[in-house]
Amino acid sequence: MVNTGMQLISFTCAVTGWIMAIAVTALPQWKVSAFIGSNILTSEIKWEGIWMNCIYQTTGHMQCKTYDSMLALPPDIQAARALMCLAIFMGWLSCTVSCCGMKCTTCAGDDRRAKAGIALSGGVLFILTGLCVLIPVSWTANTVVQDFYNPNVPLMHKRELGQAIYLGWASAVILMISGAVLSSTCPLMERGGRYRRGYIGRSFANSPASAPDPPKPITSNSLPLKEYV
């Protein structure tokens, strides 16, 4: 029961991290305007995402425009597009595989060894999904920090880390931790092919059959004997 509960909790957290990754992909707040220098303009805020850039005004009006050319984008944005789309696909695949390998489902029938392997594969896929989210988010954050402290970059072109960066880090951590916990709930194997813990506590199929006890002789002391004429 404890193993099943851990699987359900880790799977729920992993799905939450996958949904957060989808939100990070769609949000334009990867890079935001840096209000530094003597001329500070606070009437509008510029947002730059991997699909579009937006201008948000203090009056509540916002204008967004998608990028016209993909090849004209910087390398970090191009890599972020590819890796985030890959993360979304791998997250969907991880959810499907993990559902088939969980103990509370009826997939794979009664083959507990196959279900354990499927659950382990789902956990590994969740970890890979977290890495696909972590790489573009960290790469973009490193580019923003380098440009911010670079004296050759004009003040109007300096950016700061947006909310999508922090949400992406949280999503990557949740995905990798949930995948590791989901993988740890699978049973460990011994040399003889038996399960040490998890789905099967002990295997009786391969145990040698014990010989039956020999019949006990009937003694005269057990029951009184009567003579019949």
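E48 is partly exposed, with a relative accessible area of 24%. In the terms used here, buried means under 20% relative accessible area, exposed means over 50%, and partly exposed lies in between, with a 1.4 Å probe and protein chains only. The side chain of E48 meets that of R159 in a salt bridge, at 3.1 Å from N to O. This pair links distant parts of the chain, since E48 is in strand β2 (residues 44-48) and R159 is in strand β5 (residues 159-161), 111 residues apart. R159, for its part, is buried, at a relative accessible area of 10%. A salt bridge here is a side-chain nitrogen of Lys or Arg within 4 Å of a carboxyl oxygen of Asp or Glu.

Before I continue, a word on the source. This is a predicted model, in which local features need pLDDT of at least 70 and side-chain atom pairs count only at pLDDT 80 or more, while totals for chains, interfaces and linings use all residues. Residues are numbered from 1 along each chain as its sequence is written, and side-chain values use heavy atoms, with hydrogens and water left out.

How many salt bridges does the rule give? The count comes to three. Another of them joins the side chains of K31 and D76, at 3.6 Å from N to O. This pair, too, links distant parts of the chain: K31 belongs to strand β1 (residues 31-33), D76 to helix α2, and 45 residues separate them. Both K31 and D76 are buried, and for D76 the relative accessible area is 4%. Apart from its neighbours within four places in sequence, D76 is in contact with K31, W139, T140 and T143, where contact means heavy atoms within 4.5 Å. A further salt bridge pairs the side chains of D68 and K65, at 3.7 Å from N to O. Is D68 buried or exposed? D68 is exposed, with a relative accessible area of 70%.

I turn now to the overall arrangement. The protein has four helices and five strands, and along the sequence they follow the pattern α-β-β-β-β-α-α-β-α. Helices (H or I, at least four residues) and strands (E, at least two) are DSSP runs, numbered from the N terminus. Of the 229 residues, 33% count as buried. Among contacts between residues at least 6 apart in sequence, 64% join residues at least 24 apart. The accessible surface comes to about 14,300 Å², and 65% of that belongs to carbon and sulfur atoms. Accessible areas come from the Shrake-Rupley method with a 1.4 Å probe, and for residues only the protein chains shown count as cover.

The UniProt record, an unreviewed entry, places the feature "transmembrane region" at residues 7-27, 79-104, 116-139 and 164-189. Its positions are given in the numbering used here, feature names are shortened, and annotations may be inferred rather than shown by experiment. In the model, residues 7-27 are 95% helix and 0% strand, with the end C-alpha atoms 30 Å apart. Residues 116-139 are 100% helix and 0% strand, and there the end C-alpha atoms lie 35 Å apart.

Which residues have the most contacts inside the largest nonpolar core? They are W30, I50, M84, F126 and V133, in a core of 26 residues. The elements that give two or more residues to this core are α1 (2-26), α2 (75-101), α3 (112-148) and α4 (163-184). A nonpolar core is a set of buried Ala, Val, Leu, Ile, Met, Phe, Trp, Tyr and Cys residues joined through side-chain atoms within 4.5 Å.

Helix α3 also holds A119, which is buried at 1% relative accessibility. A119 and G101 are 18 residues apart in sequence, and their C-alpha atoms are 4.2 Å apart in space.

Finally, the cysteines. A search of the whole structure finds one disulfide, defined as a pair of cysteine sulfur atoms within 2.5 Å. C54 and C64 form this link, with their sulfur atoms 2.1 Å apart. The link is right-handed, with 110° about the S-S bond. It joins distant parts of the chain, from C54 in strand β3 (residues 52-57) to C64 in strand β4 (residues 62-66), 10 residues apart. C54 is buried, at 2% relative accessible area, whereas C64 is partly exposed, at 40%. Of two further cysteines, C13 is partly exposed at 33% relative accessibility, and C132 is buried at 10%.
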